[in-house]
Amino acid sequence: MHIDDFIKKENRESLARELTKEGLFELKEVTIRGNKYNTFASAPATLRDYFQFALIHGEWDFLAYEDESYTYQEVLNKAAGLAHVLQENYNIQKGDSVAFSMRNYPEWIYSYMAVTSIGAIAVPLNSWWQGEELDYGITHSESKLFIGDDERLERLKGFVEDIPRIAVRCDANLYENAVNFDDIVESKDSFPVVDIDPEDDASIMYTSGSTGYPKGVVATHRSIINTPVAWAFLGTLAGSIESDGETFPQPENPCTLAAVPLFHVTGSHSNFLLSLLSATKIVLMYKWDPLKAIELVEKYKVTSFSGVPTMSQDILRVSEENPDIDVSSLAMLSGGGAARPPEQIKAQEKNHPTKAAGVGYGLTETNAAGTNASGKLLYLKPDSAGFPAPLVHEVKIYDEEGNEVETGELGEIVIKSASNFRCYWKNEEATEESLDSEGWFRSGDVGCADEDGFIYIKDRIKDIVIRGGENIACLEIEGVIAEHPSVAEASVFGIPDERLGESLATRIALQPGASLHEAELSAFLAEKIAKFKIPERMWFQEDELPRIASGKTAKKQMREDAIKELELD
């Protein structure tokens, strides 16, 4: 099918019906909590089955970290060994919660695989959290064990002292109630046998709210597995496109660079779980460093990268500054977790034609499922977030009363699929507010859909600034500011205004070596947007903008800092 036909929603759905009649992507209808969903009939039923499913590729190199390298079978055996320890040493049973938090170490993956394979609930905690926050996550999730590295164990001193600890890559003797991972975990040939149902709880992932207590998002085995299989299905669909540019590159020896935290769905689902379907090698990064990243690309012949948009942009910028480092293997650069500016996508198409751009939109509550687009499809609609997987993921736009709006009209993005979460842990009220009786999840994002079913994200509902009765979408202004050549990134937010209610402010990270001042930027914006949309307060800085754990900019923090600095309390 030619790309001009594929871009039409009805044609994508027609092709999808053909590809889902049989084989791995055959669809069947199942009833989940009273609602009907299309699911993949041949997909593994549980995560334990999913991990074994990856053995269809035979023996393959799976993990690389620093100077360490592990085959998939070695990883599976180590995870099986940990699973036995969990049962035999700590009496972890089906339905029990196990929390873990650390840098992107192989032990994170062992922990996730081991916990979920015995029917327990994996609780991957935010590794940026401090002691009280980790205490909250462990206590709220009712975890019976904590697995962590030295930084996390140090922060936990004085908290939840009755919870046993397994120390990763550090000396357990420095911490109370702790034992060394390597002292107790030996490789095993198989996992303990536990009866697990697809609708059993598999994980609790905490939302990345920047203030207040985060909510624990409960996902089942089926909801987690449905997302990477749907992504593989999208890749197969895109592989049928006829165009003059690759839409979803399929390298012979796929290898991805995992730089985003594994506790975030971009890391756990896109970098980790999706790799098992395509026998993709994962190169783990200890800490984000653009120069180190492209050195790893050269060393391991990395073919794909998925991270927040600023990371993708960093890779392109640093590779241009270091032409002696070979990044020719890199075929796909995707951005998720935050909106990717259209100008960034256009620049990648023009300046790096061999590296297809990609975008993805999803949330923790949808197990990262939502919309996707890449390559030529994205270049045709660079300001979009892509389209949902046909027949598998549904995305609509609702008004405040819960009615679907007309094509092109703004409203709240709602998502329905078997990938959706089951509930917020111990928070029935929040669950009912976000997940309706028909299975639609209210994302809290403002957007619209075009005639081809592509979704456009305009803002977070709570981030809209109302200035003198005019609604201003911050994301729109951020995109326009990002078009200025001196700007690396911008965050726009509202601050109190006695006359107008709110006025617009922005904090801007500059490109290396660049300079910019308010008058120059205001004149630049005046040629592109209405005067009332131009921020009245601007801050410029050389360092990148502050971020929360998911990689998104810490907009609430910047707003609070601005209010304090301007004495607007």
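Predicted model: local features only at pLDDT ≥ 70, side-chain atom pairs only at ≥ 80, totals over all residues.

Colleague: Start with H4 and H5. At what angle do they pack, and how far apart are their axes?

Modeller: Helix H4, residues 72–90, packs on helix H5, residues 106–117, at an angle of about 60 degrees, and the axes are 8 Å apart. The pair is therefore oblique, with H4 passing H5 in a right-handed crossing.

Colleague: Which residues make the contact?

Modeller: H4 contributes Tyr72, Val75, Leu76, Lys78, Ala79, Leu82, Ala83 and Leu86. From H5 come Ile109, Tyr110, Ser111, Met113, Ala114 and Val115. By class, the H4 contact with H5 has twelve nonpolar residues, one polar and one charged.

Colleague: And H5 against H10, how do those axes cross?

Modeller: At roughly 90 degrees, with the axes of H5 and helix H10 (residues 265–278) coming within 12 Å. That angle makes H5 roughly perpendicular to H10. Trp108, Ile109, Tyr112 and Met113 of H5 touch Ser268, Phe272 and Leu273 of H10. Six residues of this H5 contact with H10 are nonpolar, one is polar and none is charged.

Colleague: What about H9 on H10, at what angle do they cross?

Modeller: Helix H9, residues 221–238, crosses H10 at roughly 70 degrees, and their axes come within 9 Å. That makes H9 roughly perpendicular to H10, and the crossing is right-handed.

Colleague: Which residues meet there?

Modeller: On the H9 side, Ile224, Pro228, Val229, Trp231 and Ala232; on the H10 side, His269, Ser270, Leu273, Leu274 and Leu277. The H9 contact with H10 has eight nonpolar and two polar residues, and no charged ones.

Colleague: Change of topic. How many cavities of 30 Å³ or more are there?

Modeller: One, from a search of the whole structure. The largest cavity holds about 50 Å³ of space.

Colleague: What lines the largest cavity?

Modeller: Ile32, Arg33, Tyr37, Glu199, Thr220, Arg222, Ser223, Ser417, Ala418 and Asn420. That lining divides into three nonpolar, four polar and three charged residues.

Colleague: Now the second largest pocket. How much space lies in it?

Modeller: About 560 Å³. The second largest pocket has 26 lining residues, and Trp128, Ala259, Pro261, Lys287 and Trp288 lie nearest its centre.

Colleague: Which elements give two or more residues to the lining of that second largest pocket?

Modeller: Helix H7 (150–155) and helix H12 (309–321) do.

Colleague: And how do the lining residues of the second largest pocket divide by class?

Modeller: There are 13 nonpolar, five polar and eight charged residues in the lining of the second largest pocket.

Conventions: Residues numbered from 1 in each chain as written. Heavy atoms only, no water. 1 Å grid on protein atoms, 1.4 Å probe; cavity = no way out; pocket = protein on both sides within 12 Å on 5 of 7 lines; lining within 4 Å. Points joined across faces, edges and corners; volume = space filled by probe spheres on them. Helix = DSSP H or I, 4+ residues; strand = E, 2+ residues; numbered from the N terminus. Nonpolar A, V, L, I, M, F, W, Y, C, P; charged D, E, K, R; others polar. Axes fitted to C-alpha atoms, helices over the stretch in contact; angles between N-to-C directions. Parallel < 35°, antiparallel > 145°, perpendicular 65-115°, else oblique. Left-handed = near helix turned anticlockwise from the far one by under 90°. Contact = heavy atoms within 4.5 Å.
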